[in-house]
Amino acid sequence: MYSYKSSSLEEISTDWLRSNLRLVLEQVNFHSVQYAILRRGRSVAGIVPIAEAHALFEATRADRKYRDKHRDLKTQDKPRLREAVTDMAGHDATGRLSI
């Protein structure tokens, strides 16, 4: 399992990155520095240590699996809930009162 350390991102331009790639990779690898890459002043990508990238990927995947399972359960529960409400109200499936 990977651990994720949250820290602020240092912003660098694509031109600066191109000129200083070796330095950036050393900072990321040895000092866990995180960078936001800017193109025309807007963030377009990030560079983070690989352990943090793996942790983020695993957390995203786990969240996606949870959301999918929750959605499936909700879909399966709708007919049962409708039937239970109908039974409690004393109506049949057509909505008519049963005696």
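These notebook entries record what I looked up in the structure above.

**Entry 1: the model.** I note that this is a predicted model, in which local features need pLDDT of at least 70 and side-chain atom pairs count only at pLDDT 80 or more, while totals for chains, interfaces and linings use all residues. Residues are numbered from 1 along each chain as its sequence is written, and side-chain values use heavy atoms, with hydrogens and water left out.

**Entry 2: the chain.** I looked up the secondary structure and found three helices and three strands. Helices (H or I, at least four residues) and strands (E, at least two) are DSSP runs, numbered from the N terminus. Along the sequence I read the pattern β-α-α-β-β-α. Of the 99 residues, 15% count as buried; buried means under 20% relative accessible area, exposed over 50%, and partly exposed in between, with a 1.4 Å probe and protein chains only.

**Entry 3: the sheet.** In which order do the three strands stand in the open sheet? I recorded β1-β2-β3, with mixed pairing; two strands pair if DSSP finds at least two bridges between them. β1 (10–13) and β3 stand at the edges with a single partner strand each, so one side of each has no neighbour in the sheet. The twist averages 35° from one strand to the next. Helix α2 packs on the sheet and touches β1, β2 and β3, and its direction makes about 150° with that of β2. Axes are lines fitted to C-alpha atoms, for helices over the stretch in contact, and angles run from 0 to 180 degrees between N-to-C directions.

**Entry 4: the hairpin.** I then followed β2 into β3 (residues 42–47), which pair in the antiparallel sense over five bridges. A36 stands opposite G46 in β3. Two residues lie between the strands of this hairpin, in which R40 takes a positive phi near 55°.

**Entry 5: the core.** Which residues make up the largest nonpolar core? I listed eight: I12, L17, V24, V28, V33, Y35, I37 and I47. Such a core is a set of buried Ala, Val, Leu, Ile, Met, Phe, Trp, Tyr and Cys residues joined through side-chain atoms within 4.5 Å. α2 (21–31) and β2 (35–39) each supply at least two residues of this core. Leaving aside neighbours within four places in sequence, V28 is in contact (heavy atoms within 4.5 Å) with V33, Y35, I47, V48 and P49.

Entry 6: I found T14 in helix α1 (residues 14–19). T14 and L38 are 24 residues apart in sequence and 6.1 Å apart in space, C-alpha to C-alpha.
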